[in-house]
Amino acid sequence: MASTACFMIVSKNDIPIYEAEVGTAPKKEEAAHQHQFILHAALDVVQDLAWTTSAMFLKAIDRFNDLVVSVYVTAGHILVLFC
């Protein structure tokens, strides 16, 4: 089964540094940027959780259909999001 995944690095000022989609699934017109919307929507949840926990890896912070968003927060508050 073919699938795609999205990877994004965001600075502490919520500025995207790097975005990449990897995978082999054929793209549909309406789902072309679905991963990006899901990751950007999860940023609000991440901002709240990053200051309330000492954990650096926050897994399954947000879900959309069968996609799960996980985040790694660095010591400098750089966010690495996976979907």
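Thr-53 sits in the loop between α1 (34-50) and β3 (57-64); helices here are DSSP runs of H or I with at least four residues, strands are runs of E with at least two, and both are numbered from the N terminus. Keep in mind that this is a predicted model, where local features need pLDDT of at least 70, side-chain atom pairs count only at pLDDT 80 or more, and totals for chains, interfaces and linings use all residues. Residues are numbered from 1 along each chain as its sequence is written, and side-chain values use heavy atoms, leaving out hydrogens and water.

**Around Thr-53**
- Thr-53 counts as partly exposed because its relative accessibility is 33%, which falls between buried (under 20%) and exposed (over 50%), using a 1.4 Å probe and protein chains only.
- A polar atom of the Thr-53 side chain lies 3.2 Å from the backbone nitrogen of Ala-55.

**The chain as a whole**
- The chain has 83 residues, and 28% of them count as buried.
- Take the contacts (heavy atoms within 4.5 Å) with a separation of 6 or more: 39% of them come from residues 24 or more positions apart.
- The chain's accessible surface is about 5500 Å², with 59% of that belonging to carbon and sulfur atoms; the areas come from the Shrake-Rupley method with a 1.4 Å probe.

**The nonpolar core**
- A nonpolar core is a set of buried Ala, Val, Leu, Ile, Met, Phe, Trp, Tyr and Cys residues joined through side-chain atoms within 4.5 Å.
- The largest one here has 18 residues, and those with the most contacts inside it are Leu-39, Ile-61, Val-69, Val-71, Leu-79, Leu-81 and Cys-83.
- Two or more residues each come from β1 (4-10), α1, β3, β4 (67-73) and β5 (79-82), with α1 giving the largest share, six residues.
- Leaving aside residues up to four places away in sequence, Leu-81 touches Cys-6, Phe-7, Met-8, Val-10, Leu-39, Leu-43, Val-69, Ser-70 and Val-71.
- As a general point, nonpolar side chains in soluble globular proteins tend to be buried together.

**The cysteines**
- A disulfide is taken as a pair of cysteine sulfur atoms within 2.5 Å, and by this rule the count is zero.
- Cys-6 is in no disulfide, since its nearest cysteine sulfur, that of Cys-83, is 6.6 Å away.
- Cys-6 is buried, with a relative accessible area of 4%.
- Cys-83 counts as buried too, at 12% relative accessibility.

How values were computed. Polar contact = N/O pair within 3.5 Å; in protein donor to acceptor, adjacent residues only side chain to side chain.
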